[in-house]
Amino acid sequence: MIEMVITKYLGIDELEPNVKFLLIKFFCFLLINSFIMSLSWTFFSLYAIDKMGFTLTGIMLAVMLFTQFIFDYPSGSMGDYLGQRWVLTGAYLFFGIGFFFLAIAQDFTTFLIIAILNGFGSALFSGTLDSWLDTNYKKIDSVDTDRKIYGFARSRVNTANNVAFAASFMTGGFLSTIYSRQTVFALQFLLSLIMVIIVLTQIKEISIEADSEKIQTIPVKVERKKSQYFTYLEGGIRFMFSSKVVFFLLLGMAFITATWTIWAMIVLFPIYFGYTGDDLGANFLRTIIYLTGVPVGLYVAKLSKRLSTEHYPKFLLVFLVSFFPAFITLLIVIPAQNNFNLTGFVFTALIMIIIGFLYKTSEVLRMRLMVDLVPSENRNAVYSLLPTITSLLSMLLLPIVGQMIDIFGLVAGVVVVGSVFSAGFLFITIGTYLMKLGTKIISLDSKMMVEKPEQSESIN
């Protein structure tokens, strides 16, 4: 019964049973992960600031990003080499140990240990779950050739994920208020160990028996040599530079992801606090945005089925010229002063929800594009290479954005973040143009071969 409800919600009735099984498993796992990992998301930085102050907290976050930067790509290649479930297992172990130390942390040294553990865990986790899904989906699907069903399902998954996030924020806030923040960290330590068990038993390669109705997942047993790891390590970088199309697309995606890393770390929460004035109000605003995003996400899923991946840069452009100017205008007209302001509260929510649907749509198109753009043998490496570039960009840009905010205020921070997004949009536009141009050339060559076969033979 539950499986039928999820199948209907994801819109995957047309897919083969093994493909449905894969998407349903991904759906359930992602929601559990989002709920557990987000319990302390809102007050993690606040807890560190209370213990150490802004300066040492900034150093701690920089160490965390640097650790992720160093290990992100090598760990992604390890996913291609060993399999995604072993890398995910390591990620939850490091997250769990980090939560354990967080529950007892009192000094800067302990927080540095936490930063390294979280950075390494993030390096292992980034791109691994998506790689597991996309690799198996591409391998076993024979119906969804244009990936529109995939895009619709992923959009529906993201919509449900908003509910998981909102529930997690409310639960974590409630537990923190009734008990303590340390209690939430301790709970996350225990839940991380449970996630290790779930990964080891559920995140495996797909195996199909002769009877297509009997679906099972088993770990693939492949004899691997140490030299193969370095082949995978090299493969992701080699793929990025394999063509101008791939290079510009991946670089643009990394720039856009860096935009949201900087936005979340140093710009977004000061805006939330600026128009609410306290932790409870900021958390309430964030919950409203996530929950209201559910019907928006449902609409995005339907819309994406009518769009091709060629529309990807178009949605990025409309988002770019509306989202950042809207926040700049709001901050100029109604400055954020860390007091409750109903007008600022309402307009912040409206910008995040209404204009945000453009970016949600572009993300669905991006995910559809990546399924076929990236070769499965190097998928985990490539999916980890992007966060590696993102971490590097974020480390370089975060001090600049922070300095600009200190001198000129939040408006300057939004301008700088918008400029980074603009660079990403430009690179993606170049990549999609070159890809479209290459497709036209291939089509023209094919037409010439059909119309003048003897001429094509003489050329060859």
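Predicted model: local features only at pLDDT ≥ 70, side-chain atom pairs only at ≥ 80, totals over all residues.
Residues are numbered from 1 along each chain as its sequence is written, and side-chain values use heavy atoms, with hydrogens and water left out.

Back to threonine 309. The loop it sits in runs between helix H12 (279–304) and helix H13 (312–333); helices are DSSP runs of H or I with at least four residues, strands are E runs of at least two, and both are numbered from the N terminus. What does threonine 309 touch, not counting residues up to four places away in sequence? Leu365, Arg368 and Leu369, where contact means heavy atoms within 4.5 Å. Serine 362 is 53 residues from threonine 309 in sequence, yet their C-alpha atoms are 8.8 Å apart in space.

Zooming out for a moment. The chain has 17 helices and two strands, and 53% of its 460 residues count as buried. If you take contacts between residues at least 6 apart in sequence, 84% join residues at least 24 apart. The accessible surface comes to about 21100 Å², with 68% of that belonging to carbon and sulfur atoms; these areas come from the Shrake-Rupley method with a 1.4 Å probe, and for residues only the protein chains shown count as cover.

Now a buried one. Asparagine 162 lies in helix H8 (residues 148–178), and it counts as buried because its relative accessible area is 9%. Leaving aside neighbours within four places in sequence, asparagine 162 is in contact with Tyr290, Gly293, Val294 and Lys360.

The other asparagine I want to show is asparagine 338, in the loop between H13 and H14. Its phi is near 60 degrees, a positive value in a residue other than glycine. As background, most residues other than glycine have a negative phi. Asparagine 338 is partly exposed, at 48% relative accessible area.

On to the rings. Rings of Phe, Tyr and Trp (its six-membered ring) pair if their centres lie within 6.5 Å; planes under 30 degrees apart are stacked, over 60 edge-to-face, and the rest tilted. That rule gives 40 aromatic pairs. Take phenylalanine 66 and phenylalanine 69: a tilted pair, 6.4 Å centre to centre with 40 degrees between the planes. Both are in helix H4 (residues 54–82), three residues apart, about one turn of the helix. Phenylalanine 66 is partly exposed at 45% relative accessibility, and phenylalanine 69 is partly exposed at 22%.

Elsewhere, ring pairs link Trp260, Trp263, Phe319, Phe323, Phe324, Phe327, Tyr359 and Phe421 into a cluster. There's also a charge over a ring: arginine 156 lies over the face of tyrosine 9, 5.0 Å from the ring centre. For that label, NZ of Lys or CZ of Arg has to be within 6 Å of the ring centre and within 35 degrees of the ring normal.

Last stop, helix H14 (residues 342–373), where valine 346 sits. Valine 346 is partly exposed, with a relative accessible area of 35%.

Key:
Buried < 20%, exposed > 50% of the residue type's maximum accessible area, 1.4 Å probe, protein only.
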